[in-house]
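Welcome, and get your viewer ready. We will go from one selection to the next, and at each stop you can look at what is there.

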Amino acid sequence: MALAVFAGLGGCATGPSLEDQGAVTAPPGDSRQLIVGSAGFTESDLLAQMYALLLEAAGYGTKILSVTNRELYEPALERGQIDVVPEYAATFADWLNAKVHGADAPTVGSPDLAATMTALRALAGPRGLTVLDAGRAVDQNAFAVTAGFAAEHRLKTLSDLGARGVPVRLAAGDECVRRPYCAPGLREVYGIDVTAVDPKGVGTTPAKQAVQNGEDQMVLTTTTDATLDEFGLVLLADDRKLQNADYIVPVVNRARAGSEGVTRALARLNTVLTTADLAMLNERVDSWRRLPEDVARNYLVDKGLVPR
């Protein structure tokens, strides 16, 4: 199924516009057979599996399609070749904004979830897409130190680190030197003394090992990193909200999956899924080597959202 549908995505740029198709102005659709898209990494696979299971419990037929490139799956979503995908509010808002207004357009994602959602929905609506409500789970950039370092300097938040005046060498991607959410933001928002950026990547094993062995003092990772315990690392809270609001949001093709039935089915996940839950689920796939579909089903069964 994945190969067959994927082969058709290359033609997404051709054909009539969304307006000509009536996708924007037509009533919300309620197709009973839906394709759920995944971006092909663990967390996206888990979310896609959970979306499919919730939709099946509500009476929909589903198939899952993995398309790792947003440049392919977003146009396919507009065309109805994919019906629903899990996305990240601030990141997707900025991606659509760049698509509409150019790569140099000012960002519209922000730490404010309400403002981010308003901007995202304004960009998605004319493209025939509906952005459903965000839940509690958020996967955004985060910074971690060793548990020993945190205890030694009495650190729980990034503000604590700035107040202590402890110099840190930061393991991160090379873009961290200039990105406002990274080294410049740590200095300006928190007053943290970032002495250098060690370009080992975002949340990579070498980056975490560098902090574990004391070569670096802090690592850029994400809030749903499933492997922090393995390296003896703990997150410092972003208490002044440097990071954008990358809450998990389902995005649907309005003409095919914009119905109240789809909205209700997917909203059930918002009542239970937390950031900590998502990190735990990632760990079960990445560290325990469980299958995403099994982990997703067991979680929803345990939460009473789908039958055994």
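Before the first stop, here is what to look for: on a 1 Å grid over the protein atoms alone, a cavity is a set of points where a 1.4 Å probe fits but cannot get out, while a pocket is an open set with protein on both sides within 12 Å along at least five of seven lines; lining residues have an atom within 4 Å of a point. Grid points are joined across faces, edges and corners, and a volume is the space filled by probe spheres set on the points. What you have open is a predicted model, in which local features need pLDDT of at least 70 and side-chain atom pairs count only at pLDDT 80 or more, while totals for chains, interfaces and linings use all residues. Residues are numbered from 1 along each chain as its sequence is written, and side-chain values use heavy atoms, with hydrogens and water left out.

**Stop 1: the cavity**

How many cavities of 30 Å³ or more does the structure hold? There is one, and the largest cavity has a volume of about 80 Å³. Select Y51, G135, R136, A137, I248, P250, L266, L269, N270 and L273 to show its lining. Two elements, β10 (248-253) and α12 (260-270), each give two or more residues to this lining. The largest share of the cavity lining, three residues, belongs to α12. Now colour by class: Ala, Val, Leu, Ile, Met, Phe, Trp, Tyr, Cys and Pro count as nonpolar, Asp, Glu, Lys and Arg as charged, and the others, Gly among them, as polar. The cavity lining then shows seven nonpolar, two polar and one charged.

**Stop 2: the largest pocket**

Next, select T91, D139, N141, Y181 and D246. Of the 36 residues lining the largest pocket, these are the closest to its centre. The volume of this pocket is about 1200 Å³. Which element gives the most? It is α5, with six residues. Colouring by class gives 13 nonpolar, 15 polar and eight charged residues in the lining of the largest pocket.

**Stop 3: the second largest pocket**

Move on to V138, Q140, T223, D238 and K241, which lie nearest the centre of the second largest pocket, among its 17 lining residues. The space in this pocket is about 260 Å³. At least two lining residues come from each of β5 (141-146) and β9 (233-236), and the largest share, three residues, is from β5. By class, the lining of the second largest pocket has 10 nonpolar, five polar and two charged residues.

**Stop 4: helices side by side**

Two packed helices are described by the angle between their axes and the distance between the axes. Axes are lines fitted to C-alpha atoms, for helices over the stretch in contact, and angles run from 0 to 180 degrees between N-to-C directions.

Show α3 and α13: they pack at about 110 degrees, with axes 10 Å apart. That makes α3 roughly perpendicular to α13 (angles under 35 degrees count as roughly parallel, over 145 as roughly antiparallel, 65 to 115 as roughly perpendicular and the rest as oblique). In contact (heavy atoms within 4.5 Å) are T42, E43, L46, L47 and M50 of α3 and L278, L281, N282, V285 and D286 of α13.

Look at D45, L46, Q49, M50, L53 and L54 in α3, which meet P292, E293, V295, A296, R297, Y299 and L300 in α14.

Finally, select α4 (residues 70-79) with α5, where the angle is about 85 degrees and the axes are 13 Å apart. The two helices, α4 and α5, are therefore roughly perpendicular to each other.

Notes: Helix = DSSP H or I, 4+ residues; strand = E, 2+ residues; numbered from the N terminus.
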